[in-house]
Amino acid sequence: MAYLSHSLAVPPSQPRKLSNSSIRSCLKPIVVAGNPPTFVSAPGRRIVAVGDLHGDLSKARCAFEMAGILSSDGQDLWTGGETVLVQLGDILDRGDDEIAILSLLRSLRIQAETEGGAVFQVNGNHETMNVEGDFRYVEPGAFDECLGFFEYLELCDNNWDEALVSWINVSTRWKEERLQSCSSWSPLKLMKRQKGVITRSTLLRPGGPLACELAHHGVVLQIDDWLFCHGGLLPHHVAYGIERINADVSLWMRGLNDNSDGPEIPFIATRGYDSVVWNRLYSNDTADFDFREHQICSVAEETLERIGAKAMVVGHTPQVKGVNCKYNNSIWRIDVGMSSGVLNSSPEVLEIQENKARVIKGDQQHVVEYI
């Protein structure tokens, strides 16, 4: 199996504008700084944040349609205008359609930029686990999707960008054909599954093309006064530097920090209970901790004060009662476990506009609950 490489096409640490000059708007252009994107100025924009998707394409589409950024006609068209979408990671694992979701987000990002909007992602713990080669939570169908996508990539003459953007248009048909061809257990089927594991390893190992695709995204993103990360940011993360953290993770995913023992894993971001992608201090109920609520509130306030943000939006831990905020409205918890591989709950979306947040409920699409 041929090894494929894919470079990160982002000028290092150079601010860039993501607005189409042909669009007549009174809003200032979106300006992005950092490599990967870390600081974003998006004055006057509506922001929508979507939590963990875990390989469930149907629920992802439903959440995006609810947010008003995806057409409901099956054409996967951006309808958000100048809206900014932020997806908080954990696209991988527990579902079959991981690459299809990544493909949809890439397509929406391209479309959004032509209208003065933007699409951002941050990586979660399941993205970093897969780059480490930890496939414990990978569904059989996801291994099959890796194999199918790899074959499709060859049909696209190994043009990564072309294959990834267009995969969303062919993945459903490919999946239907695969299901029709499935039969009872056989040695051939076992060999195909083993090939799927090898293919996933090739795609996701540090320096692999899918790992390099994930390297486009950081683990922390600040948009104006709002902070977005999968697990949660702590004061020592801020002291280390969030742009530095994002760069460290990106270099590791791209396989560019090799040493004699292999790629060095950025511990502060991806390992340990208090790392950026694993931290549950803000997202678990306080009953699970020895800390009292006001102590957690103090940590959150110190973090936000150090970085100059108003509030933090996190995913990672499913909220059985839906999207909610805690700690003097400084922490918004938006993972509702919508994937069929998690809680199979109704999607919910957080909308931020004029520094005010509200929850769009998945089971009541025409009712908006203001918080």
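## The nonpolar core

A nonpolar core is a set of buried Ala, Val, Leu, Ile, Met, Phe, Trp, Tyr and Cys residues joined through side-chain atoms within 4.5 Å, where buried means under 20% relative accessible area with a 1.4 Å probe, protein chains only. This is a predicted model, with local features needing pLDDT of at least 70, side-chain atom pairs pLDDT 80 or more, and totals for chains, interfaces and linings using all residues. Residues are numbered from 1 along each chain, and side-chain values use heavy atoms, without hydrogens or water.

The largest core here has 100 residues, and F64, I223, F228, L233, V313 and L350 touch the most other members. Its largest share, eight residues, comes from helix α2 (residues 98-114); helices are DSSP runs of H or I, at least four residues, and strands are runs of E, at least two. Beyond four places in sequence, the contacts of F228 (heavy atoms within 4.5 Å) include I47, V86, V122, I223 and V313.

## Helix α11

Helix α11 covers residues 293-307, and its end C-alpha atoms sit 22 Å apart, which agrees with the 21 Å that its 15 residues should span (1.5 Å times one less than the number of residues). Its buried residues are I296, C297, A300, T303, L304 and I307. They take up an arc of only 125° around the axis, so they lie on the same side of α11; the arc is taken from the directions from the axis to the C-beta atoms. What covers them includes β7 (220-223), α9 (242-253) and β13 (331-333).

## T199 in α6

T199 sits in helix α6 (residues 187-204) and counts as buried because its relative accessibility is 0%. Its side chain reaches the backbone oxygen of K195 at 2.8 Å.

Notes. Buried means under 20% relative accessible area, exposed over 50%, partly exposed in between (1.4 Å probe, protein chains only). A polar contact is a pair of N or O atoms within 3.5 Å; within protein, one must be able to donate a hydrogen and the other to accept it, and residues adjacent in sequence count only if both atoms are side-chain atoms.
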